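Good morning, and thank you for joining.

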Amino acid sequence: EGHVSGIIDWEAAGWYPEYWEFTTVMRFQRKETWWTRLLQELFEDRYGKELDRENQRAGQARVGQCPHQ
């Protein structure tokens with residue numbers, strides 16, 4: 001009775017720093033949504049500097065500051 005019980009995507013597998021999940025979502029989610037507002041509320045104080053550094057490195061603006069929204 002075999003059936004698919006889950007799918008594993010190994011494309012981004014690896015060890016990442018604690019802030020990686022937050023900064024990755026905030027960098028690639030270009031529109032401000034309920035999800036990004038929640039993440040900002042929960043983690044901005046803790047990982048805001050890391051997000052700024054990653055955005056500077058990538059030449060991007062923060063969510064809500066993107067001119068292409």
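**Salt bridges and helix packing**

Glutamate 32 and arginine 37 form a salt bridge, with their closest N and O atoms 4.0 Å apart; the term denotes a side-chain nitrogen of Lys or Arg within 4 Å of a carboxyl oxygen of Asp or Glu. Please note that this is a predicted model, in which local features need pLDDT of at least 70, side-chain atom pairs count only at pLDDT 80 or more, and totals for chains, interfaces and linings use all residues. Residues are numbered from 1 along each chain as its sequence is written, and side-chain values use heavy atoms, leaving out hydrogens and water.

Glutamate 32 is partly exposed, at 39% relative accessible area, and arginine 37 is partly exposed at 42%. Here buried means under 20%, exposed over 50%, and partly exposed in between, with a 1.4 Å probe and protein chains only.

How many salt bridges does a search of the whole structure find? The search finds three. In another of them, arginine 27 meets glutamate 54 at 3.3 Å, N to O. Arginine 27 lies in helix α1 and glutamate 54 in helix α2, so the pair ties together parts 27 residues apart in sequence. Helices are DSSP runs of H or I, at least four residues, numbered from the N terminus. Both arginine 27 and glutamate 54 are buried.

Let us turn to the packing. α1 and α2 pack at an angle of about 85°, with their axes 7 Å apart; axes are lines fitted to C-alpha atoms over the stretch in contact, and angles run from 0 to 180 degrees between N-to-C directions.

Technical notes:
Helices (H or I, at least four residues) and strands (E, at least two) are DSSP runs, numbered from the N terminus.
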